[in-house]
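Work through the exercises below with the sequence and the coordinates open. Each task is followed by a solution in steps.

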Amino acid sequence: MKYKPPKFKRLSQMAAIDVGRLTEDEAREILEGIRWPRGPRCPHCTSKRITRLNAKSDKVRDGIIQCNDCRGQFTVTVGTVMHRSHITLRQWVQAFYSMCSHKKGVSALQLQRNLGLHSYKSAWHLAHRIRAAMKEGPFAKSLKGTVEVDETYIGGKPRSKKNENKRGRGTKKTPVMALVERDGRAFSKPLKKVDAANLKSAIREMVSKQAAIMTDEWPSYQGIGLEFAGGHGVVNHGLGEYVNGDISTNTAESYFALLKRGVHGVFHHVSKQHLARYCHEFSFRWNFRKVSDGARAEAAIKGAIGKRLTYRKAGM
Ligand SMILES: [Zn+2]
């Protein structure tokens with residue numbers, strides 16, 4: 001019997017080996033299916049009356065679609081983080097899949113090798129565009145139920161001089177705050193300063209007023225319970241207490257453990273400037289941890305639509 005590769009319609013059904021053998025046309029079909037599940041729509045005027053231009057002609061760019069109403073032309077990448085890049089669609093799909101399937105992330109060097117990209121720089125830009133796609137919109141905020149809040153310190157130069165990079169609060173590393181629903185979603189971001197104003201404003205912005213807040217004994221959190229129906233549970237780490245009945249920040253600590261293994265183990269050095277994007281990446285994977293790698297990649301590609309301005313502004 002002859003071997004025939006399986007034909008998948010959806011990325012969510014595919015394993016890495018299947019993604020690896022996609023042709024450029026198949027990759028385009030997958031992207032179009034995710035962007036327009038009910039058929040292409042003109043991004044200029046939203047019309048559904050479209051014509052596919054002759055793909056066989058050398059003069060016509062692959063995948064060009066023309067709108068019958070406004071006569072505008074477009075492809076599936078218009079207005080997404082993939083727009084105007086020299087990377088092929090099969091490389092984009094593979095890159096999304098790869099960044100979505102590795103728990104601790106993938107370095108730009110690894111992406112460059114795996115995808116056969118010509119330079120480290122283009123792999124680096126590609127990865128940051130995908131991180132922009134992974135950034136959750138404001139609609140995704142409002143964490144509910146029991147929300148654990150904690151901070152940690154990430155990065156910094158190697159510990160050469162005495163005390164320069166000592167651990168804990170009050171070091172030169174970058175403070176990162178995480179807000180994690182117990183058995184739910186996570187959000188994290190770097191902070192300029194770990195003080196009551198910054199911590200509390202992030203909690204107010206991100207957490208539903210019905211939730212219960214769990215933190216350690218850090219004084220900057222004091223008083224936050226008055227603003228939330230579930231109140232404020234405090235676990236006293238200074239006294240060696242990690243769980244007190246229902247009160248703990250263990251979920252937030254698991255989140256940080258993963259973020260640190262990625263940032264230190266895979267990416268080695270992440271500058272303060274870019275740390276927020278790695279936070280988006282790790283939160284994204286955490287929030288979609290219960291679905292298949294392919295479904296996670298589909299979700300990231302959906303997030304790529306309409307994010308172009310974000311990365312332009314960010315200077316990527
Ligand atoms: Zn149109």
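**Exercise 1.** List the residues in contact with Arg296, leaving aside its neighbours within four places in sequence, and decide whether Arg296 is buried or exposed.

*Solution.* The model is predicted.
Step 1: with neighbours within four places in sequence left aside, the contacts of Arg296 are Cys100, Ser101, Phe284, Arg285, Phe288, Arg289 and Val291.
Step 2: the relative accessible area of Arg296 is 7%. The cut-off for buried is under 20%, so Arg296 counts as buried.

**Exercise 2.** Identify the protein donors of the zinc ion and classify their arrangement.

*Solution.* 
Step 1: the SG atoms of Cys42, Cys45, Cys67 and Cys70 are the protein donors, lying 2.3 Å from the zinc ion.
Step 2: the four donor atoms subtend angles of 103 to 118°. Tetrahedral requires all angles to lie between 85 and 135 degrees, so the arrangement is tetrahedral.
Step 3: along the chain, the donors have the spacing C-x2-C-x21-C-x2-C.
Step 4: Cys42, in the loop between helix H2 (24-35) and strand E1 (50-52), and Cys67, in strand E2 (residues 65-67), are 25 residues apart, and the pair links distant parts of the chain.
Step 5: both Cys42 and Cys67 are buried.

**Exercise 3.** Give the strand order of the open sheet of five strands and state which helices pack on E5.

*Solution.* 
Step 1: the order is E6-E5-E4-E7-E8, and the pairing is mixed.
Step 2: strand E6 (186-190) and strand E8 (232-235) are the edge strands, each pairing on one side only.
Step 3: direction ignored, neighbouring strands of this sheet are turned by 20° against each other on average.
Step 4: strand E5 (residues 174-181) pairs with E6 in the antiparallel sense over five bridges; Ala178 has Ser188 in E6 as its bridge partner.
Step 5: helix H6 (residues 196-206) lies across strand E4 (146-154), E5, E6 and strand E7 (212-216), at about 30° to E5.
Step 6: helix H7 (residues 250-266) packs on the sheet and touches E4, E5 and E6, its direction making about 35° with that of E4.

Notes. Residues numbered from 1 in each chain as written. Predicted model: local features only at pLDDT ≥ 70, side-chain atom pairs only at ≥ 80, totals over all residues. Heavy atoms only, no water. Pairing = 2+ DSSP bridges. Helix = DSSP H or I, 4+ residues; strand = E, 2+ residues; numbered from the N terminus. Axes fitted to C-alpha atoms, helices over the stretch in contact; angles between N-to-C directions. Contact = heavy atoms within 4.5 Å. Donors = N, O, S within 2.8 Å, 3.2 Å for Na, K, Ca; no water. Tetrahedral: all angles 85-135°; square planar, octahedral: opposite > 155°, others 65-115°. Buried < 20%, exposed > 50% of the residue type's maximum accessible area, 1.4 Å probe, protein only.
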